[in-house]
Amino acid sequence: MEKILYCPLCHQGLEKVDNTYKCINKHSYDIAKKGFVNLLLANQHHSDKSGDEKIMIEARTFFLDSGKYASFREKILEVMKSVVEENGYKTFSFVDAGCGEGYYTNYIHKELSKITNISTFGVDLSKSAINYCAIRQRQEHLENELFIIGNLMYLPFKDNSVDFLLNSFAKIDETEFLRVVKKGGWYLRVLPGKTHLKGLKEAIYDNVRLNEEKEYALEGFTLVNEETFTTNITLDNKEQIKSLFMMTPYFYKSPKNGVEHLLSLDNLDTEISFNFLLYKKA
Ligand SMILES: [Zn+2]
């Protein structure tokens, strides 16, 4: 494992000693039985006690396990694989910022382990999500991978220490990403494309608005590649439709009759579309 973690309190490097991460100033962070570590300070906290969140994460896990986003996951892997191969990385530190339940993280780690000596760090604010990550990690016997409860605004990594940072869909100020990525390192930002989930939206709304394109320029980074990946998926049953719906922002703000219509369907075709923006730190 590459030693890139730092103490969230004093910013000194963290060393693993038995079942604890410790810094030189004796701040220590216990590694949970499941293998993850909590590096979230009390003042960076948010409450993660609600049963709701657990239900959301179960829905995400159920949906992702259906394999309907497998082509999207392949696409992320493809981009990362090219970076590793074209730049001849012998070692590779990878941070998945906002890793959720680890569906992408664990797979990418496993696949890239075949071509480079990869150290993977998955960070998420949600303890329930990190718990899932660690369960999957254990099931698949993945080494050189650590899951961290942490805040994306205060990443627990040293300055200029990360080769590749992935952020899929998390809305965030990227200043902190710029700090942790190495000079010449990479940042892959994945945003919903214009027609992402068009079919799902059409089942809810009378008038569907397409997603707006974001501003791509990011201070300190150079955009080196931009690509849109679009495909169609078919959801085969009510469970899949509901679980995908629960992963979207529309779950929180849709009209009741639209939702009823959506949830009455037995199957649904929808476009999915993602913008891949690959940046290099100057
Ligand atoms: Zn410390």
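Student: What makes strand β7 (residues 145-149) count as mostly covered?
Tutor: Five of the five residues of β7 are buried. A residue is called buried if 20 or more other C-beta atoms lie within 10 Å of its own, exposed if 12 or fewer do, and partly exposed in between, with C-beta atoms placed from the backbone. Strands (E, at least two residues) and helices (H or I, at least four) are DSSP runs, numbered from the N terminus. This is a predicted model, in which local features need pLDDT of at least 70, side-chain atom pairs count only at pLDDT 80 or more, and totals for chains, interfaces and linings use all residues. Residues are numbered from 1 along each chain as its sequence is written.

Student: Which residues of β7 point which way?
Tutor: E145, F147 and I149 point one way, L146 and I148 point the other way, and all are buried. In a regular strand the side chains alternate between the two faces of the sheet.

Student: How do you know that β6 (residues 117-124) and β7 pair?
Tutor: Two strands pair if DSSP finds at least two bridges between them. β6 and β7 have five bridges, in the parallel sense, and therefore meet that cut-off. In this pairing, V123 stands opposite I148. From β6 the chain crosses through helix α4 (residues 127-139) to β7, and this β-α-β crossover is right-handed: with the strands pointing away from the viewer, the path from the first strand over the helix to the second runs clockwise.

Student: What joins β4 (residues 37-38) to β7?
Tutor: Two bridges do, and the strands run parallel. The bridge partner of N38 in β7 is I149.

Student: How does the reach of α4 compare with the span expected?
Tutor: The expected span of a helix is 1.5 Å times one less than its number of residues. α4 has 13 residues and reaches 18 Å from its first C-alpha to its last, close to the 18 Å expected. Its buried residues are A129, I130, Y132, C133, A134 and Q137.

Student: Why is N144 called partly exposed?
Tutor: N144 has 14 other C-beta atoms within 10 Å, so it is partly exposed. N144 lies in the loop between α4 and β7, and has a positive phi of about 55° although it is not a glycine. Most residues other than glycine have a negative phi.

Student: Why does H11 count as exposed?
Tutor: H11 has 12 C-beta neighbours inside 10 Å, and therefore counts as exposed. H11 is placed in the segment before β1, and its phi is positive, about 65°, although H11 is not a glycine.

Student: Why is R209 called exposed?
Tutor: R209 has 7 other C-beta atoms within 10 Å, and so it is exposed. Its place is in the loop between α6 (198-204) and β10 (221-235). R209 and K198 are eleven residues apart in sequence and 8.7 Å apart in space, C-alpha to C-alpha.

Student: What makes β1 (15-17) and β3 (28-30) edge strands?
Tutor: Three strands form an open sheet in the order β1-β2-β3, with antiparallel pairing. β1 and β3 are its edge strands, as each pairs on one side only. Strand β2 (residues 20-22) pairs with β3 over three bridges in the antiparallel sense, and the bridge partner of K22 in β3 is S28.
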